[in-house]
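Colleague: I've got a model open and I'd like to learn how to read it feature by feature. Could you walk me through it?

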Amino acid sequence: MRLAFLGTPEFAAISLRAVVDAGHEVACVYSQPPAQRGRGQALKPSPVQALAEDLGLPVRTPVSMKTPEEIEAFRALDLDAAVVVAFGQILLREVLEAPRLGCFNLHGSLLPRWRGAAPIQRAIMAGDKVTGVQVMRMSEGLDEGPVLSTATVRIDALDTAGSLHDRMAAAAAALLPRTLAEIAAGTAVETPQSAEGVTYAKKIKSAEARIDWGRPAVEVDRQIRGLAPFPGAWFMAPSERGPARVKALLSCVEDGHGAPGEVLDGRLRVACGEGAVRILKAQREGRGQQDLDDFVRGFPLAAGVRLD
């Protein structure tokens with residue numbers, strides 16, 4: 001089919017490559033404009049834009065798809081369909097109706113659970129045991145369209161948002177070409193979403209990242225894993241130079257009792273409101289990530305120390 005592909009992050013770039021490898025004609029790739037990234041804060045293209053340029057595909061990076069000029073340019077592509085994967089903009093009805101067969105979104109959850117911006121993180125933080133990727137026909141509502149295909153993905157006890165992201169991206173790259181083939185052949189079956197079980201995956205806010213050791217260990221563990229690697233759940237720890245900010249990037253729940261935030265041994269087992277968590281990977285501000293052994297070797301926190 002003749003397609004447009006709209007996406008921005010690495011999750012979407014993996015799907016773009018799968019669409020191209022499947023032999024579809026990608027008439028244009030849309031992505032968010034280049035943004036400041038890295039220590040130098042230089043303007044850099046999104047992963048989707050970078051891949052599209054490497055593949056020699058036409059790219060547009062509009063600030064908004066809602067302007068009359070962008071709507072007309074999209075219509076002029078004369079598309080069979082459009083594929084949207086984590087694009088980051090709301091599309092108007094005029095855009096959704098422009099392709100001959102419609103616009104289709106690949107979403108990272110099992111709808112109607114976790115509609116919205118951060119489904120991978122929210123699934124871990126809520127303690128879900130399974131999630132998935134789905135292709136749906138887009139409508140004007142937020143992730144409300146009928147579902148055409150599904151691939152389920154297990155959430156393991158040590159999964160972080162990063163590790164789950166990678167497995168889901170691989171599942172998406174396998175699911176999307178198969179679904180596009182069914183759309184092209186006219187054999188795709190569209191199933192309306194249930195009106196029950198609707199939840200919304202709100203965008204992650206920085207205020208959610210600080211660890212509250214007074215919460216149960218199960219919730220603290222989910223917070224740590226759900227926010228890793230970015231933005232990273234964090235706490236303050238005492239050091240010779242004053243309080244040090246530390247990100248916890250992997251953890252597990254263990255037995256233990258003590259005042260919330262109290263270090264229970266020399267290997268980062270920390271008491272919570274109920275139970276304890278052991279931090280398995282951490283990062284001091286301005287330094288790289290470290291596994292537990294390397295971290296405690298360079299930044300020992302003895303039993304009895306209180307974390308804030």
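Modeller: Happy to. Start with strand pairing: two strands count as paired if DSSP finds at least two bridges between them. Keep in mind that this is a predicted model.

Colleague: Okay, which residue stands opposite alanine 233 in β13?

Modeller: That's alanine 248. The two strands involved are β12 (residues 233-237) and β13 (residues 244-254), antiparallel and paired over five bridges. They make a hairpin with six residues between them, and glycine 242 in that turn has a positive phi of about 105°.

Colleague: And how many bridges join β13 to β15?

Modeller: Eight, with β15 covering residues 276-284 and running antiparallel to β13. Valine 246, for instance, stands opposite arginine 284 there.

Colleague: What about the open sheet: what is the order of its strands?

Modeller: Read it across as β5-β2-β1-β6-β7-β9-β10, seven strands with mixed pairing. The edges are β5 (59-60) and β10 (147-154), each pairing on one side only. For a parallel example, look at β6 (residues 81-85) and β7 (residues 103-107), joined by three bridges. Alanine 82 has cysteine 103 as its bridge partner in β7.

Colleague: Which helices pack on that sheet?

Modeller: Take α3 (residues 68-75) to begin with; this helix lies across β1, β2, β5 and β6, running at about 170° to β2. Then α6 touches β1, β6, β7, β9 and β10, and its direction makes about 155° with that of β10.

Colleague: How do I read the two sides of α3? Which residues are buried there?

Modeller: Glu70, Ile71 and Phe74 are buried. Because they cover an arc of only 100° around the axis, they sit on the same side of α3. On the other side, Pro68 and Glu69 are exposed. The buried residues of α3 pack against β1, β2, β5, β6 and α4 (93-96).

Colleague: Why does isoleucine 71 count as buried?

Modeller: The cut-off is under 20% relative accessible area. Isoleucine 71 has 9% relative accessibility, so this residue counts as buried. Leaving out residues up to four places away in sequence, isoleucine 71 touches Met65, Lys66, Leu92, Glu94 and Val95. Leucine 96 is 25 residues from isoleucine 71 in sequence, and their C-alpha atoms are 9.9 Å apart.

Colleague: Last one: how should I think about cores?

Modeller: In soluble globular proteins, nonpolar side chains tend to be buried together. Here the largest nonpolar core has 40 residues, and the members that touch the most others are Phe5, Phe11, Leu16, Val29, Leu106, Val133 and Leu180. Helix α6 (residues 161-185) gives the most to this core, with ten residues. A second, separate core of 29 residues includes Leu227, Ala233, Ile279 and Phe299.

Colleague: What is phenylalanine 11 in contact with?

Modeller: Setting aside neighbours within four places in sequence, phenylalanine 11 contacts Val85, Leu106, Ile120, Val133, His165, Met168, Ala169 and Ala172.

Conventions
Residues are numbered from 1 along each chain as its sequence is written. This is a predicted model: local features need pLDDT of at least 70, side-chain atom pairs count only at pLDDT 80 or more; totals for chains, interfaces and linings use all residues. Side-chain values use heavy atoms; hydrogens and water are left out. A nonpolar core is a set of buried Ala, Val, Leu, Ile, Met, Phe, Trp, Tyr and Cys residues joined through side-chain atoms within 4.5 Å. Buried means under 20% relative accessible area, exposed over 50%, partly exposed in between (1.4 Å probe, protein chains only). Helices (H or I, at least four residues) and strands (E, at least two) are DSSP runs, numbered from the N terminus. Contact means heavy atoms within 4.5 Å. Axes are lines fitted to C-alpha atoms, for helices over the stretch in contact, and angles run from 0 to 180 degrees between N-to-C directions. The arc is that of the directions from the helix axis to the C-beta atoms.
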